[in-house]
Every structure is written in structure tokens, then in C-alpha cells.
Amino acid sequence: MSQMTEPPILNHPPYDIVLNILTRLPVKSVVRLRCVSKSLYSSITTPYFVSTHLNHTKNNINHDNACVIHLPFSYWPIIPVCTVALGHSFDTISEIRIPFDFPHTRVQIVGSCNGLLCLADLVSGNVIYLWNPSVRKFKKLPNTCLGNLRFAKLGFAYHSENNDYKVVRISSPPSSAQEVEVYTLCSGSWRRVETLLGANGIYYYFKRSLLPTPLVSGALHWIAVFTEGEENPIDMIMSFDVNSEKFRKLALPHGHIDDKNLETHLSSFKGKLAFITSEQPGFVFSIWVMREYGVVDSWSKLFVVPFERIAHCTAFTEYGSLLMFSYNNTSRFKYEDKFVLIDIETLREKKDLGIQISLSAATFMESLVLLDGANVVSY
């Protein structure tokens with residue numbers, strides 16, 4: 001009679017190896033594993049794990065798989081549905097229902113950082129949400145501590161020194177001193193920031209753009225109109241350093257056409273500050289890139305994009321896809337025919353995008369940010 005052998009003993013891998021494997025899994029898989037045990041839940045929700053998982057995700061993003069999230073315009077009380085699409089083609093990957101309400105239908109994506117979106121209403125600027133659709137969680141920000149929200153501008157940024165997220169709000173009514181406040185996710189509250197903007201008769205009017213406020217080299221950027229006394233107003237770039245919370249002025253490119261009637265935007269292109277402007281109203285757009293941050297002479301006009309019809313810039317992705325709203329100057333097309341996506345490096349166009357009315361779009365990636373925290377709502 002043969003002697004029975006004992007079954008092999010299965011050794012469990014060390015816990016740190018298990019966590020290392022989990023940091024490489026898709027977000028949905030990690031979220032499901034929270035229910036396995038209390039210790040695993042605690043480990044997955046730590047800032048270290050979230051950051052490590054985020055870094056692995058970033059390292060695997062390239063031009064072919066980078067995504068954008070597109071926010072369409074909708075008529076109240078219809079709740080809009082965001083579309084997640086490939087950044088270079090806008091081919092739809094998924095649709096996500098926005099789980100919260102705004103008092104107005106005019107809503108903007110203020111910014112997108114590490115999978116966390118900042119959405120705000122464009123009318124009052126006081127209703128703001130942070131939202132991570134990948135983990136199905138959001139947080140409504142408290143009311144402002146400023147006295148005047150007219151002409152408010154917003155920015156959303158990652159604070160690298162503290163591994164935190166900030167929302168910056170600037171109230172800039174014409175011919176009045178600016179007020180600035182900053183919200184931090186860790187504190188969950190707003191606080192005023194002292195600034196000299198608007199002092200000594202120098203005023204800044206921040207121009208409106210539906211493109212998300214670009215975060216480049218640790219600073220947020222807006223185009224502002226600078227006026228001093230009776231002198232003619234001058235367009236310039238106003239930056240806000242997220243770490244030091246100090247403002248800085250940057251000049252626009254030398255050689256661009258300085259015409260207040262021309263369309264201008266700021267964006268980010270492959271990690272560098274980009275300036276988008278129309279040279280002939282609606283028919284020719286130029287993209288300038290600041291090759292060395294903060295050095296005015298490093299501005300270079302990299303791309304010129306011509307159009308046969310009048311066009312307006314709706315979105316510009318990190319990898320160089322330009323979403324334009326285009327129409328004939330004598331008769332307008334149907335909504336589904338108005339949008340065209342252009343690769344600025346090849347000038348290839350894609351017209352059948354399935355977009356009806358675009359409101360805002362931003363680069364997007366999945367992450368575990370906002371997986372845990374105070375006053376975070378799950379849905």
C-alpha cells in the first residue's frame with residue numbers, strides 16, 4: 001500500500017508584496033478589495049497607498065491611452081452626463097452621470113488633477129464640488145468667506161509639498177481691489193490670502209475662458225487685463241504659485257497680435273504653458289508654447305491651424321488635440337455637425353464626434369484620490 005503524502009503547505013506572500021501588487025491594479029479592482037478585511041481597507045485608504053497607485057497609473061499614460069472627460073451643456077432640470085473619451089480621437093469610452101445638482105445649467109470644469117475633478121457653476125461661482133467618478137465619491141465645498149463673488153475666477157491644483165489639493169478663488173470686480181481665498185482639501189475650509197492685487201490704483205480684470213485653468217510648474221495661470229491710472233490696458237498672464245501662494249506676472253509672447261477682439265486662452269501642452277490665440281477672427285488659430293517656464297523669450301509659435309469656417313476653441317488636451325466649435329458665417333449647421341477635433345501636429349480632422357453642445361472638457365485619469373475623508377459623499 002502506497003504511503004499517502006501530505007498536501008503542500010501554501011505560504012501566503014508577505015503583506016507588503018500584496019500591497020505592491022494592488023498598487024498596479026485598476027481602480028475598480030482595488031475598490032472592490034476594500035471589503036475583504038479591515039486591515040486591507042485601512043491600507044488601501046492611506047495617503048501612501050493612494051499616491052503609489054497614482055504614480056503607477058501616471059507612468060502608464062501616453063498619447064494613445066490618455067483620456068479626457070467632456071461636460072456637455074444641458075437644460076435644467078436635466079442632469080448632464082459626462083463622457084469619458086480618448087484624448088486623441090474623442091472616441092467614447094464610458095458615460096458618467098453627475099451625482100449632484102447645480103443651481104444653474106452653466107457649469108465648468110475648473111480643473112482636473114490626479115483623477116479629481118473640480119466643477120463649479122459659472123453664474124455665482126459659489127457652488128463648487130470636488131468629484132472622483134472612478135471611486136464614485138464627491139465633496140461639496142463650504143460657502144465663500146469673501147464679501148463679493150462678482151467676476152470670480154477659479155483654479156484647482158495639486159499641492160505637491162503637502163500632498164494636498166487646493167481651490168483658489170479670486171474676486172476681481174472692475175476698478176476694485178481683488179480678494180483671494182484658498183480652500184485646502186486637508187483642512188476642509190476656506191481662508192483668505194493677503195494680496196497686493198488691486199492696490200495703489202493698479203487693477204486686474206481676469207478674462208473669461210471655458211478651458212480649465214492650467215496648472216504648469218506648480219502654478220495656476222489666467223489671462224488678466226492690467227490697468228494703471230489712465231494708461232491703456234495691457235493683457236498679461238497672472239500666475240499663482242500653489243506652494244508659496246504668491247502671484248507673479250508673466251508676459252504674453254512677443255509678436256502675437258494684440259487685439260482685444262481676438263480669442264485667447266491658456267492651456268497646458270505636454271507639461272508646458274501654452275497660449276492659444278486667433279490671428280484672423282475665427283479662421284486661423286496659433287498655439288504658442290513657453291519652452292522654459294518663466295522665460296519670456298522662450299515663447300515659440302509651434303503650430304498654426306487654419307479653418308475654412310468660423311471656429312471657436314472649446315478644449316485643448318495635454319497631447320495636442322484641439323476641439324473646435326465651427327459654423328458657417330451665413331447659415332449654421334445642426335448641432336451634431338458643429339464640432340471638429342484637430343491634431344495640431346498633423347492637422348488631421350475628425351468631424352463625426354457625436355458631441356451636441358460642448359461646455360467644458362479636461363484631461364482625465366482614474367485614481368483613488370478622495371477614497372476616504374471627512375464629509376465625502378458616496379453614491
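## Close-up views of a predicted chain

**View 1. The largest nonpolar core has 31 residues.** Of these, Leu-116, Ile-128, Leu-130, Phe-156, Tyr-165, Val-167 and Leu-368 touch the most other members. A nonpolar core is a set of buried Ala, Val, Leu, Ile, Met, Phe, Trp, Tyr and Cys residues joined through side-chain atoms within 4.5 Å. Buried means under 20% relative accessible area, exposed means over 50%, and partly exposed lies in between (1.4 Å probe, protein chains only). Apart from this core lies another, of 20 residues, which include Leu-71, Phe-102, Ile-109 and Tyr-129. In soluble globular proteins, nonpolar side chains tend to be buried together.

This is a predicted model: local features need pLDDT of at least 70, side-chain atom pairs count only at pLDDT 80 or more, and totals for chains, interfaces and linings use all residues. Residues are numbered from 1 along each chain as its sequence is written, and side-chain values use heavy atoms, with hydrogens and water left out.

**View 2. Tyr-165 and its contacts.** Contact means heavy atoms within 4.5 Å. Which residues does Tyr-165 contact, leaving aside its neighbours within four places in sequence? They are Leu-54, Cys-113, Asn-114, Leu-116, Phe-156, Ala-157, Tyr-158, His-159, Tyr-183, Thr-184, Leu-185 and Val-369. Tyr-165, Leu-116 and Phe-156 are also among the core members that touch the most others.

**View 3. Phe-269 pairs with Phe-303 and with Phe-316.** Rings of Phe, Tyr and Trp (its six-membered ring) pair if their centres lie within 6.5 Å; planes under 30 degrees apart count as stacked, over 60 as edge-to-face and the rest as tilted. The structure holds 16 aromatic pairs. The rings of Phe-269 and Phe-303 have centres 5.8 Å apart and planes at 85 degrees, so this pair is edge-to-face. Phe-269 sits in strand β17 (residues 264–269) and Phe-303 in strand β20 (residues 299–306), 34 residues apart. Strands (E, at least two residues) and helices (H or I, at least four) are DSSP runs, numbered from the N terminus. Phe-269 and Phe-316 form a tilted pair, at 5.9 Å centre to centre and 40 degrees between the planes. Phe-316 lies in strand β21 (residues 310–316), so its pair with Phe-269 ties together parts that are 47 residues apart in sequence. Phe-269 is buried, with a relative accessible area of 5%. Phe-316 is buried too, at 9%. Phe-303 is also buried.

**View 4. Ser-286 is in strand β19 (residues 284–290).** Is Ser-286 buried or exposed? At 0% relative accessibility, Ser-286 counts as buried. Its side chain makes a polar contact with the side chain of Glu-279, at 2.5 Å. A polar contact is a pair of N or O atoms within 3.5 Å; within protein, one must be able to donate a hydrogen and the other to accept it, and residues adjacent in sequence count only if both atoms are side-chain atoms. Beyond four places in sequence, Ser-286 contacts Phe-275, Ile-276, Thr-277, Glu-279, Lys-301, Phe-303 and Val-304.

**View 5. Phe-90 has a positive phi of about 65 degrees, although it is not a glycine.** Most residues other than glycine have a negative phi. Phe-90 is found in the loop between β2 (81–86) and β3 (92–97). At 5% relative accessibility, Phe-90 counts as buried. Asp-352 is 262 residues away along the chain, yet its C-alpha atom is separated from that of Phe-90 by 9.8 Å. Asp-352 lies in the loop between β24 (349–350) and β25. At 71% relative accessibility, Asp-352 counts as exposed.

**View 6. Arg-136 also has a positive phi, of about 60 degrees.** Arg-136 is found in the loop between β6 (128–132) and β7 (137–140). With a relative accessible area of 44%, Arg-136 is partly exposed.

**View 7. Phe-364 lies in strand β25 (residues 358–364).** Phe-364 is buried, with a relative accessible area of 6%. Phe-364 and Cys-113 are 251 residues apart in sequence, but 7.9 Å apart in space, C-alpha to C-alpha. Leaving aside neighbours within four places in sequence, the contacts of Phe-364 include Cys-67, Val-68, Ile-69 and Pro-133.
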